[in-house]
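Welcome, and take your time with this one.

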Amino acid sequence: MIQETTLHPSHLIWPIFVKEGTGVREPIATMPGVDRVSIDVAVECAAQAVALGISCIAIFPVTPPELKTDDGRHALSPDNLICRATRAIRESCGDALGIVCDVALDPYTTHGHDGVIIDQDVANDATVEILCGQALNQARAGCTVIAPSDMMDGRIGRIRQALDGEGFAHVAIMSYAAKYASAFYGPFRDAVGSAKNLGGASKKTYQMDPANSNESLREAAFDIDEGADIIMVKPGMPYLDIIRRLHDHFPVPIAAYQVSGEYAMIKLAAQSGSLDERAAVLESMLAFRRAGASCILTYFAKQVAEWLQ
Ligand code: PBG
């Protein structure tokens, strides 16, 4: 009766990794329990998500290395993995499931950065140009939400303009507004195969400094002003203070991303018998909601929804 915070499957967004093939379920060593799946299996996952009442699925492509280039141009191909997966899921689920498509070039670049490199650094404006094309490409494939994770400046406004200009006013934008240059993304980079490409380089020239809090307010203000419908904080648990600050400052929905490294920490601790997985995961979900998150991206989404049933 007096519980202040609630948790429901509709609060969840389930990120999945999609690769070429059929009937593929390839385990990811650094994320036990999470697989890279082929499109047909992703369609099955989508059906499970609908049955469990999960709101959205977020698709991340594992691009074959031979399709990666310096400028990441495969992001613009209507037949790339993320577009084919989006079309297949949209066809099978109709409007019953939201589809979140990531906007950033790292799955497609030989150097593993989220943008194109000019004079040895990621070039903001040249990248934004390509990101608009990527967003349109994914909107045409049928996604519900465009989620720019690239952290270039000014991209939300430009993407909004591009989407509206081509009749996609109904496609929402969930901006990674406060995305920190974090060590907790390690397993994700293994999962999509960008770790090798990045080769230890950092993303500190465009992702945020973990030392900064006020900066998250400025980043969020820009994105909201430019048209973001939902703002994200990432990683999640180490940045609950940021979720709370943004929640108190801005009357917009906030998404929390419990990233791959957070997933691995809980999963591996549970596997070694150090943690009760169910109790720890559900507590982490409540913590996000208590901090002010409307929705949570988590690799535990399916499991959490099953527990909540
Ligand atoms: C890249 C992207 C990353 C994640 C989502 N989109 C990694 C990065 O910035 O290097 C991380 C998600 C996770 O760790 O679970 N645009």
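Start where α1 passes α2 in a right-handed crossing (right-handed if the near helix is turned clockwise from the far one by less than a right angle, left-handed if anticlockwise). Helices here are DSSP runs of H or I with at least four residues, strands are runs of E with at least two, and both are numbered from the N terminus. This is a predicted model, in which local features need pLDDT of at least 70 and side-chain atom pairs count only at pLDDT 80 or more, while totals for chains, interfaces and linings use all residues. Residues are numbered from 1 along each chain as its sequence is written, and side-chain values use heavy atoms, with hydrogens and water left out.

Helix α1 covers residues 39–52 and helix α2 residues 81–93; their axes come within 9 Å and cross at roughly 45 degrees. Axes are lines fitted to C-alpha atoms, for helices over the stretch in contact, and angles run from 0 to 180 degrees between N-to-C directions. The two helices are therefore oblique to each other, the word for angles that are not roughly parallel (under 35 degrees), roughly antiparallel (over 145) or roughly perpendicular (65 to 115). I39, A42, V43, A46, A47 and V50 of α1 meet L81, R84, A85, A88, I89, S92 and C93 of α2, where contact means heavy atoms within 4.5 Å.

The crossing of α9 with α10 is right-handed. On the α9 side, E262, I266, K267 and A270 meet E277, A280, V281, S284 and F288 of α10.

Next comes the ligand. Of the 18 residues around the ligand, S149, R189, K234, S260 and Y299 come nearest (around means a heavy atom within 4 Å). A side-chain N or O atom of D114 is 3.1 Å from a nitrogen atom of the ligand.

Finally, two backbone details. Most residues other than glycine have a negative phi, and most peptide bonds are trans. The peptide bond from K234 to P235, however, is cis, with omega near -10 degrees; P235 sits in the loop between β10 (230–234) and α8 (240–249). D119, not a glycine, has a positive phi of about 50 degrees, and its place is the loop between β6 (117–118) and β7 (121–122).

Methods
Polar contact = N/O pair within 3.5 Å; in protein donor to acceptor, adjacent residues only side chain to side chain.
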